[in-house]
Amino acid sequence: MNAREVALNILNEVYTQQAYANISLSRHLQKNQLSDQDRRFITELVYGTVKAGDTLLWILKKFVNRPLNKIEPTIINILRLGIYQIVFMDKIPESAACNEAVNLAKKYSNQGSAKFVNGVLRNLIRQPEKYAMPTGNKASELAIREQHPLWLVKKFIHTFGSEAAIKLCQFNNTNAPLVLRTNTLKTTRQELITELINAGCEVIPSKLAPEGIICKTHTSLNQLAPLQNGFAQVQDESSMLVAHVVDPKPNEFIIDTCSAPGGKTTHMATLMQNKGKIIACDIYEHKLKLIQDNANRLGINIIEPKLLDAREIGNQYKNQADKVLVDAPCSGMGVLRRKPDSRWNKTAEIFEKLPPLQLAILESAARAVKPQGVLVYSTCTIMPQENIEIINQFLAKHPDFVLEDIRKYLPFKTKSKEKTLQLMPYKDNTDGFFIARMYKKV
Ligand SMILES: C[S@@+](CC[C@H](N)C(=O)[O-])C[C@H]1O[C@@H](n2cnc3c(N)ncnc32)[C@H](O)[C@@H]1O
């Protein structure tokens with residue numbers, strides 16, 4: 001199977017079976033014997049095509065007369081791939097993109113479909129002026145040009161203003177680097193950097209997180225020995241700040257309310273030098289195994305994964321924990337560049353549904369904090385209604401909790417005067433993250 005055919009199979013799963021692009025991609029990359037070059041090409045094809053989403057269909061509609069729902073889904077996917085290569089990939093000869101699409105149409109449909117694909121793509125190559133991207137800054141123009149759903153662009157403009165919305169959308173279209181967290185139970189950052197360089201990676205230390213290593217280039221994760229051997233954990237640098245803000249000490253009792261797959265749980269265990277106890281809850285049983293697998297790989301044995309709805313934690317652990325972390329389920333608006341399909345999978349409903357859940361989890365978690373204990377709330381979103389507004393509502397109802405100045409706990413200097421931290425992707429060049437730290441007075 002050649003690279004484009006593998007990419008087509010992945011797109012078929014994404015668009016007809018609602019598969020997640022990253023999961024389907026990694027399964028197909030494992031299943032097929034592929035060169036490193038092919039793996040990179042398939043990844044770029046799939047991520048680029050999925051990210052471009054409706055913009056590709058907008059282009060396609062300029063060249064077909066019939067409604068798109070009258071065209072076989074596989075043919076639509078072949079055309080998505082073809083259009084993506086012709087319009088967005090500079091290094092691919094247009095004729096190769098077209099010929100390979102025609103071959104796929106012959107194999108996956110019939111001669112008639114192959115002729116149709118050929119006609120559409122040849123016309124596209126001949127008439128680029130027909131799909132010139134809109135240059136204005138109206139929401140509808142931005143949505144097409146920056147490859148985001150219209151409702152989301154409107155939401156960004158409404159929340160952050162037009163200029164910030166443009167920068168945000170552009171940032172979401174950049175490639176996210178792989179970031180590794182050094183497992184300081186087993187090695188130091190400098191030793192790990194040396195090992196990664198010896199393994200052929202190009203890396204730089206993170207300026208935000210003392211354990212963070214940004215990999216500019218790297219080999220396939222399955223072959224990256226330090227990762228497989230538990231010397232490192234994949235985690236973005238902004239996410240690494242959360243454990244530093246919790247600031248757990250050896251022998252403390254910590255509850256991580258929304259824990260899977262265990263990125264922050266294992267980081268906290270590391271900062272505790274693997275001494276004490278962490279109850280790591282999640283609402284999905286299958287995700288508990290991910291926490292345990294990560295802990296095992298990293299050589300950590302103080303984590304107890306537990307199937308529990310975080311809204312029950314207050315009842316089960318009333319006044320018991322030294323520190324409680326709520327890394328809440330959120331809209332993920334700070335990590336859109338990492339998940340090419342997520343902008344297209346979400347609906348405006350999430351902004352109605354999530355804040356009440358986030359507040360309910362935080363309130364339950366607060367009951368589990370012992371007097372003079374600590375409560376930390378974090379999300380990987382940038383939307384105020386999931387972040388500072390949740391904290392304000394919580395504090396208004398809970399005078400026994402006090403917002404602490406987060407700057408004392410951050411491992412880097414910030415110019416911000418806020419007590420909470422909001423990282424904005426296009427300003428801070430990281431995933432978007434929110435963190436607040438509170439302590440219980442009595
Ligand atoms: C942002 S993710 C957590 C990421 C994790 N803290 C890490 O660093 O790897 C949110 C998690 O909350 C879980 N979740 C959602 N609703 C929950 C609930 N009511 N109670 C407990 N966990 C929940 C989800 O399954 C998901 O794993």
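Colleague: Which residues touch the most other members of the largest nonpolar core?

Modeller: In this predicted model, that core has 62 residues, and Val324, Val326, Ala365, Leu375, Val376, Tyr377 and Ile435 touch the most other members. Apart from it lies another core, with 39 residues, including Phe41 and Phe116.

Colleague: What makes Ala365 a contact of valine 324?

Modeller: Two residues are in contact when their C-beta atoms lie within 7 Å. Beyond its neighbours within four places in sequence, valine 324 has Ile255, Thr257, Ala365, Ala368, Val369 and Leu375 as contacts. Isoleucine 255 also stands opposite valine 324, which is in E8.

Colleague: How do you know that E5 pairs with E8?

Modeller: Pairing takes at least two bridges, and E5 (residues 253-256) has three to E8 (residues 321-327), so the two count as paired. They run parallel. E5 also runs parallel to E6 (residues 277-282), with four bridges joining them. Phenylalanine 253, for one, has lysine 277 in E6 as its bridge partner.

Colleague: What do E5, helix H13 and E6 make?

Modeller: Those three elements make a right-handed β-α-β unit, with H13 covering residues 263-271.

Colleague: Why is H13 called largely enclosed?

Modeller: A residue is buried if 20 or more other C-beta atoms lie within 10 Å of its own. Eight of the nine residues in H13 are buried, so the rest of the structure largely encloses the helix. Among the buried ones are Gly263, Lys264, His267 and Met268.

Colleague: Which residues are closest to the ligand?

Modeller: Cys258, Gly263, Lys264, Ala310 and Asp327 are the closest of the 19 residues around the ligand. H13 and E6 each supply at least two residues of that shell. By class, the shell holds nine nonpolar, four polar and six charged residues.

Colleague: Why is aspartate 247 called partly exposed?

Modeller: Buried needs 20 or more neighbours and exposed needs 12 or fewer. Aspartate 247 has 15 C-beta neighbours inside 10 Å, so it falls in between and counts as partly exposed. Aspartate 247 sits in the loop between helix H12 and E5. Asparagine 429, in the loop between H19 and E12, is partly exposed too, with 15 other C-beta atoms within 10 Å.

Technical notes. Residues numbered from 1 in each chain as written. Predicted model: local features only at pLDDT ≥ 70, side-chain atom pairs only at ≥ 80, totals over all residues. Right-handed = clockwise from strand over helix to strand, strands pointing away. Core = buried A, V, L, I, M, F, W, Y, C linked by C-beta atoms within 7 Å. Near = placed C-beta within 6 Å. Nonpolar A, V, L, I, M, F, W, Y, C, P; charged D, E, K, R; others polar.
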